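Terms are given with their cut-offs where they come up.

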Amino acid sequence: MAENTQFVAGFFKGLADRDSYKSLMTGLWFVYESMEKAMDETSEERVREMDYAALRRMPSLKKDMEFFYGADWDSRVQLSPATKMYVARIQEIAETKPYLIVAHQYTRYLGDLFGGQMMGGMASRSLGLENGDGTEFYSFEDISDNKIFITEWYQRLNDLELTKEQKEEIVDEANFVFQLNIGLLQELEGSPLKAVLTLAINSL
């Protein structure tokens, strides 16, 4: 319960102003760059089985980076301390236990897909963003029905050939990924109260 509260409060910090939201998107760019690079390079079949083109986020994040930073965005962004920790973990398991990338796919992709429409809408209203500018990350255009897609993804996950120990490791890694996500959100400088008030006013 406390972890969920930390996550929600952190997300609202990211909606407080454009600088905070831009910092959040920047952190996510580096996380997804590292994760999807690991997915491209791995020979781990179980990771490949859970890799759907419709879930890939780097093309969408690139559009958001260009919107916030301009055409030369890639020379202007850098990793924050929490992002460095997150990326380092992805790189570590990609080398040592690549099947644990499944936990990152699960936590990141399904979390972003499940809450994407709501979070993207909140970001648009709170920050005055229009026409999808700056919120492409939360748009999964190639998935027509989130519920059906998630159900199918879960079925494929349950069908993976994993030992009991590996399943337990993946669960533990997913919990750790959630903590890494909280770390990304906690280092943002925005005020969650300001974001909530802005959303309330803009909803009137």
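The side chains of Arg56 and Asp40 form a salt bridge, with N to O at 2.9 Å, where a salt bridge is a side-chain nitrogen of Lys or Arg within 4 Å of a carboxyl oxygen of Asp or Glu. Because Arg56 lies in the loop between α3 and α4 while Asp40 lies in helix α2, the pair ties together parts that are 16 residues apart in sequence. Arg56 is buried, at 18% relative accessible area; buried means under 20%, exposed over 50%, and partly exposed in between (1.4 Å probe, protein chains only).

This is a predicted model, in which local features need pLDDT of at least 70 and side-chain atom pairs count only at pLDDT 80 or more, whereas totals for chains, interfaces and linings use all residues. Residues are numbered from 1 along each chain as its sequence is written, and side-chain values use heavy atoms, with hydrogens and water left out.

## Other salt bridges

The structure holds nine salt bridges. One of them joins Glu44 and Arg46, whose closest N and O atoms are 2.7 Å apart; Glu44 is buried with a relative accessible area of 13%, and Arg46 is buried as well, with 16%. Salt bridges that share partners also link Asp40, Asp51 and Arg56 into one network.

Glu41 and Lys37 meet through their side chains in a further salt bridge, at 3.0 Å from N to O. These two residues are four apart in helix α2, so about one helical turn separates them. Glu41 counts as exposed at 55% relative accessibility, whereas Lys37, at 45%, counts as partly exposed.

## Chain architecture and core

The protein chain has nine helices and zero strands, with helices (H or I, at least four residues) and strands (E, at least two) taken as DSSP runs and numbered from the N terminus. Of the 204 residues of the protein chain, 48% count as buried.

The largest nonpolar core has 55 residues, and those with the most contacts inside it are Tyr21, Met25, Leu28 and Leu55; such a core is a set of buried Ala, Val, Leu, Ile, Met, Phe, Trp, Tyr and Cys residues joined through side-chain atoms within 4.5 Å. Two or more residues of this core come from each of α2 (18-41), α4 (58-69), α5 (81-96), α6 (101-127), α7 (146-158) and α8 (164-186). Helix α2 gives the largest share, 11 residues.

## Surface charge and a backbone feature

Glu45, Glu49, Asp159 and Glu161 gather on the surface in a patch of negative charge. Patches are made of residues with over 30% relative accessible area and no salt bridge, like charges being joined within 9 Å and nonpolar side chains (Val, Leu, Ile, Met, Phe, Trp, Tyr) within 5 Å. Asp and Glu count as negative and Lys and Arg as positive, with His and the chain ends not counted, and the place of a charge is taken as NZ of Lys, CZ of Arg, CG of Asp or CD of Glu. Accessible areas come from the Shrake-Rupley method with a 1.4 Å probe, and for residues only the protein chains shown count as cover.

Asn131 has phi near 60 degrees, a positive value in a residue other than glycine. Asn131 sits in the loop between α6 and α7 and is exposed, with a relative accessible area of 73%.
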